[in-house]
Amino acid sequence: MTTVRQRRVGKGTEGAEEQPSEKSVKPDGKILSDHTGGKLWNILSVTVGGIVAISLGLLTSVYVATLHENDLWFSNIKEVEREISFRTECGLYYSYYKQMIQAASIQQGLHGLVYDNKTESVRTINILERMNVYQEVFLSILYRILPIQQYLEPVYFYIYTLFGLQAVYVIALYVTSWLLSGTWLSGLLAACWYITNRIDTTRVEFTIPLRENWALPFFAVQIAAITYLLRTNLQPARERLTFMAVFIATFLFSLMWQFNQFMMLIQALALFVLDCFDLLPTAKVTWLYIIQISGLLLVCVLQFFNSMILGSLLISFNTSVLIARIIQKNLKKGPLLNRLGKLILHVLLVLCLTLLINKFIKKILNLESDEHIFKFLKAKFGFGATRDFDANLYLCEEAFGLLPLNTFSRLSDTLLFYIYVFVLLFMTVAAVIVAFRNLSGSNQVQLMEKMGECTITLKPDAAYSLIHTVLFGCLALSTMRMKYLWTSHMCVFASFGLCSTEVWKLVLKCIRLYTSQRMQVMKYSIPIITLLYISYKFWPGIMDELSELREFYDPDTVELMNWIKSNTPNTAVFAGSMQLLAGVKLCTGRTLTNHPHYEDKNLRERTKQIYQIYAKRSPEDVYGILRSFGTDYVILEDSICYERRHSRGCRLRDLLDIANGHIMDGLGENEPDLKPSTYPRFCEEIKKNLPSYTTHFIRVFQNKTFHVYKLAKHK
């Protein structure tokens, strides 16, 4: 088991483009200039705000890089230890970067990925089709052509790139908040919250090659571009450039993460809701739907027409929305009840079309790659219990459970959660009022004349940010692993609200204390006080964290990897747990039977079969299964065979027993139809060296954690 131990001593402008919300507006739409020196002030403000944004981004990058170094002593440990530190699927992804670096040429490296026979034994697969590893390919090519080999090791080029993307991430969050509020003070607050809530906003320092660490910075850039796109009075040239920025960011995000389609589906749902209530310009929403589809289809082409992309719900949903619009042309006309009726029909039509199109595509393509996700969702939300091994494997992992309550206490320590809820409540009220007004068909000009200063408005970019945070909040609450999509935007949303003219105007009007001067005081003083509080409370902790030195320590895994490299042929095939085998491939280059990239039905079935080494099966059965996949060596882990991390019913051996129809070990209830197995547990019994086991399996390596057995080759 990999651990760390204490290190031994000695070894707005104010908005880039101002909106006329706070200036005097004549009925003919002309804006009265507040002062003649506005342009000079805007240039100065943008310059200062830009410098602050870049500085905070670079500081964040250095911060997480330092934490990574301090936690592992990465610069001092051996190469095999560095590679072991890339846990589970991270090691698998990094192995392709290493493979490309070590290839005789770029062409040979690419050929090895397209015709790969070492990731899954007795099977040739296309890595570029199955996995999102174009970033590793691009980075390896860049490393080969740049004159940096003598100065920078490949592993440092890789991790520094990921830490550099954190700078892009923070700058994008900063800019989004700045665009929403009109002041870069809001961006400063968002970046500070992101850093001080690091435990809940990122995990890049200990899961570096994870796909989300590549993808989320570009998702943040896309959100910033959409925020700018949704501004009113945007010039046509700037609008076209912004659409291009949205497309590029969407494409890069989609290229780098296999779960991109699900994230963008939630984004498409947000656009759909806002469009239905007239909170966004329909033309821009239509183009955003098209950009999502085209970006995903371009990725599909690059991934050799990956069927999972073609059968995605996102493509079916966006296509359905565009078709439904053609069918229902007068959706946004008529009185309130008429429009509500049309809206309900529109939603039902889109839903039915989505299901029909998606089912049709999956039937044509015979697509089953993502069925485990829907089985997991069905069981998670209580639509019937399941004995499906793959679904239960997800259900029993803490990362796929509900968001723990202690997350909110940590977010509250920085005041982030309190302010977020405060802003969310006010923005939700404003959104409901504006949506009702839009549906009722009231003329906005007449309404403003009647209500005067009491009019509640909601800008399109703020409306999008509201629905975005609500939907991704629901996702995070239901699945802890997805919290990083929510908490980073929470920083943006809370900081925007705290620095927003609209929010403070509404608050002060509600308590009958509104004046322009008070509103300006609140808009700037409260964020500054919050920043001072965060600095006072968390700066000492950050300094202590940066001064704490630890060391990577996992001697058993290091010993195993060194033994494999020294004592097994390069063509040897290894079976074992998905997580460990990813490290075996990275550290030794040996062929695997299975691996952690789970988005393939054949691989899932293969993994379930390989995992019979931890079930109650006969040695003959296990031997036959392993040999059918060409296995030469099998690695058994005590941490799985005698697992205590999960409760009864969620241990891997329990999931296998249930799937096999066997009674689980230990005290507790079993379902009535489960039967006792006629065989003992394989991983326990094989260690007794009984003749029925030694006929097929010969132990060739053992330490406190791992047992390696060589399979006999019978004629």
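Visitor: Is C276 buried or exposed?
Guide: This is a predicted model. Buried means under 20% relative accessible area. C276 has a relative accessible area of 7%, so C276 is buried.

Visitor: C276 is in no disulfide; which cysteine has the nearest sulfur?
Guide: A disulfide is a pair of cysteine sulfur atoms within 2.5 Å. The nearest cysteine sulfur to C276 is 15 Å away, and C276 is in no disulfide. That nearest sulfur belongs to C352.

Visitor: How far is C90 from the nearest cysteine sulfur?
Guide: C90 is buried, with a relative accessible area of 3%. C90 is in no disulfide, and the nearest cysteine sulfur is that of C587. The distance is 13 Å.

Visitor: How many residues apart are C396 and C650?
Guide: C396 is in the loop between α18 (389-395) and α19 (406-413), while C650 is in the loop between α30 (638-641) and α31 (652-660). The pair links distant parts of the chain, 254 residues apart.

Visitor: Is the disulfide of C641 and C683 left-handed or right-handed?
Guide: C641 lies in helix α30 and C683 in helix α32 (residues 682-685), 42 residues apart. Both cysteines, C641 and C683, are buried. The torsion about their S-S bond is about 80°, so the disulfide of C641 and C683 is right-handed.

Visitor: At what angle do helix α10 and helix α22 pack?
Guide: Two packed helices are described by the angle between their axes and the distance between the axes. For α10 (residues 211-229) and α22 (residues 460-478), the axes are 9 Å apart. The angle is about 145°.

Visitor: Which residues of α22 make the contact with α10?
Guide: The residues of this contact divide into five nonpolar, two polar and one charged. On the α10 side they are F219, I223, I226 and T227. On the α22 side they are D461, Y464, H468 and F472.

Visitor: What kind of aromatic pair do F74 and Y156 form?
Guide: F74 is in the loop between α1 (38-72) and α2 (79-84), and Y156 is in helix α7 (residues 154-181), 82 residues apart. Both F74 and Y156 are buried. Their rings are 5.8 Å centre to centre with 85° between the planes. Planes over 60 degrees apart count as edge-to-face, and the pair of F74 and Y156 is edge-to-face.

Visitor: Which residue lies over the face of F74?
Guide: F74 belongs to one aromatic cluster with F86, Y94, Y97, Y156, Y158, Y160 and W214. A residue lies over the face of F74 at 5.3 Å from the ring centre. That residue is R82.

Visitor: Where is R481 found, and is R481 buried or exposed?
Guide: R481 is found in the loop between α22 and α23 (483-498). Leaving aside its neighbours within four places in sequence, R481 is in contact with E89, R203, L210, E212, A399 and F400. At 15% relative accessibility, R481 counts as buried.

Visitor: What covers the buried residues of helix α24?
Guide: In α24 (residues 501-510), the residues T501, V503, W504, L506, V507 and L508 are buried. What covers these buried residues includes α20 (416-440), α23 and α25 (516-547).

Terms used
Residues are numbered from 1 along each chain as its sequence is written. This is a predicted model: local features need pLDDT of at least 70, side-chain atom pairs count only at pLDDT 80 or more; totals for chains, interfaces and linings use all residues. Side-chain values use heavy atoms; hydrogens and water are left out. Axes are lines fitted to C-alpha atoms, for helices over the stretch in contact, and angles run from 0 to 180 degrees between N-to-C directions. Helices (H or I, at least four residues) and strands (E, at least two) are DSSP runs, numbered from the N terminus. Contact means heavy atoms within 4.5 Å. Ala, Val, Leu, Ile, Met, Phe, Trp, Tyr, Cys and Pro count as nonpolar, Asp, Glu, Lys and Arg as charged, and the others, Gly among them, as polar. Rings of Phe, Tyr and Trp (its six-membered ring) pair if their centres lie within 6.5 Å; planes under 30 degrees apart count as stacked, over 60 as edge-to-face and the rest as tilted. Buried means under 20% relative accessible area, exposed over 50%, partly exposed in between (1.4 Å probe, protein chains only). A charge sits over a ring if NZ of Lys or CZ of Arg is within 6 Å of the ring centre and within 35 degrees of the ring normal.
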